Amino acid sequence: MTGIEELLLSRIRDVPDHPEPGVTFKDITPLLADPAAFTALTDALAEISIRSGATKIVGLEARGFILGAPVAVRAGLGFIPVRKAGKLPGATLGQTYDLEYGSAEIEVHAEDLSADDRVMVVDDVLATGGTAEASLQLIRRAGARVAGVAVLMELGFLGGRARLEPALDGAPLEALLKV
């Protein structure tokens with residue numbers, strides 16, 4: 001295990017039985033409260049984004065905003081929020097995706113991405129991969145190219161990587177931690 005992995009893991013708190021019995025929630029708020037850990041995380045995700053040739057960072061609501069915005073600033077790139085449906089004003093593109101029970105929709109401003117953009121998706125956790133997969137479809141529908149997906153942690157037992165790989169179409173998926 002590397003020094004950054006140890007630092008990040010030491011600042012993630014397990015919360016048992018949240019949001020329901022049997023689930024262990026990975027709480028990143030202690031990591032965000034620690035300036036050294038938050039800086040190390042931001043630097044690592046910015047390095048991945050720069051290495052991928054990204055021109056924009058997409059942050060997925062809501063914790064992807066917290067991580068993606070400083071990554072964009074550190075990497076010298078633009079930041080684009082992908083939000084739940086109905087939250088963005090003006091013209092948007094939407095993408096519906098399936099949840100365990102039902103469906104959800106995410107949106108992006110139509111004019112924020114162009115054919116010249118290579119987009120890195122940043123989020124805190126890759127779980128089942130549904131939101132990330134929908135974001136890749138949305139990026140391509142907006143005419144941009146996918147540079148990759150970068151996350152703080154991947155919950156491998158939920159199978160998100162396998163679900164996401166076809167949608168990545170060869171673009172990298174990088175997780176700083178695998179749990």
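Reply: Buried means under 20% relative accessible area, exposed over 50%, and partly exposed in between (1.4 Å probe, protein chains only). This is a predicted model: local features need pLDDT of at least 70, and side-chain atom pairs count only at pLDDT 80 or more, while totals for chains, interfaces and linings use all residues. Residues are numbered from 1 along each chain as its sequence is written, and side-chain values use heavy atoms, with hydrogens and water left out.

Me: Is Glu47 buried, partly exposed or exposed?

Reply: Glu47 has a relative accessible area of 42%. The class between the cut-offs of 20% and 50% applies. So Glu47 is partly exposed.

Me: Which residue's side chain meets that of Glu47 in a salt bridge of 3.0 Å, N to O?

Reply: A salt bridge is a side-chain nitrogen of Lys or Arg within 4 Å of a carboxyl oxygen of Asp or Glu. Helices (H or I, at least four residues) and strands (E, at least two) are DSSP runs, numbered from the N terminus. The partner is Arg51.

Me: Which residue is linked with Glu47 and Arg51 in a network of salt bridges?

Reply: Glu47 and Arg51 already form a bridge with each other. The network also takes in Glu174.

Me: How many residues apart in sequence are the parts tied together by Arg74 and Asp43?

Reply: Their side chains meet in a salt bridge of 2.1 Å, N to O. Arg74 lies in helix H4 and Asp43 in helix H3 (residues 35–51), so the bridge joins parts whose separation is 31 residues.

Me: Is Glu133 buried or exposed?

Reply: Glu133 pairs with Arg163 in a salt bridge of 2.9 Å, N to O. The pair links distant parts of the chain, from helix H5 to helix H6 (residues 160–168), 30 residues apart. Arg163 is partly exposed, at 31%. Glu133, at 19%, is buried.

Me: What is the geometry of the pair formed by Phe65 and Phe79?

Reply: Rings of Phe, Tyr and Trp (its six-membered ring) pair if their centres lie within 6.5 Å; planes under 30 degrees apart count as stacked, over 60 as edge-to-face and the rest as tilted. The structure holds 1 such pair. Phe65 and Phe79 sit 6.3 Å centre to centre with 90 degrees between the planes, which is edge-to-face.

Me: What is the accessible area of Met1, Leu9 and Val179 together?

Reply: Met1 is exposed at 67%, in the segment before helix H1. Patches are made of residues with over 30% relative accessible area and no salt bridge: like charges are joined within 9 Å, nonpolar side chains (Val, Leu, Ile, Met, Phe, Trp, Tyr) within 5 Å. Areas come from the Shrake-Rupley method with a 1.4 Å probe; for residues, only the protein chains shown count as cover. The three form a nonpolar surface patch of about 290 Å².
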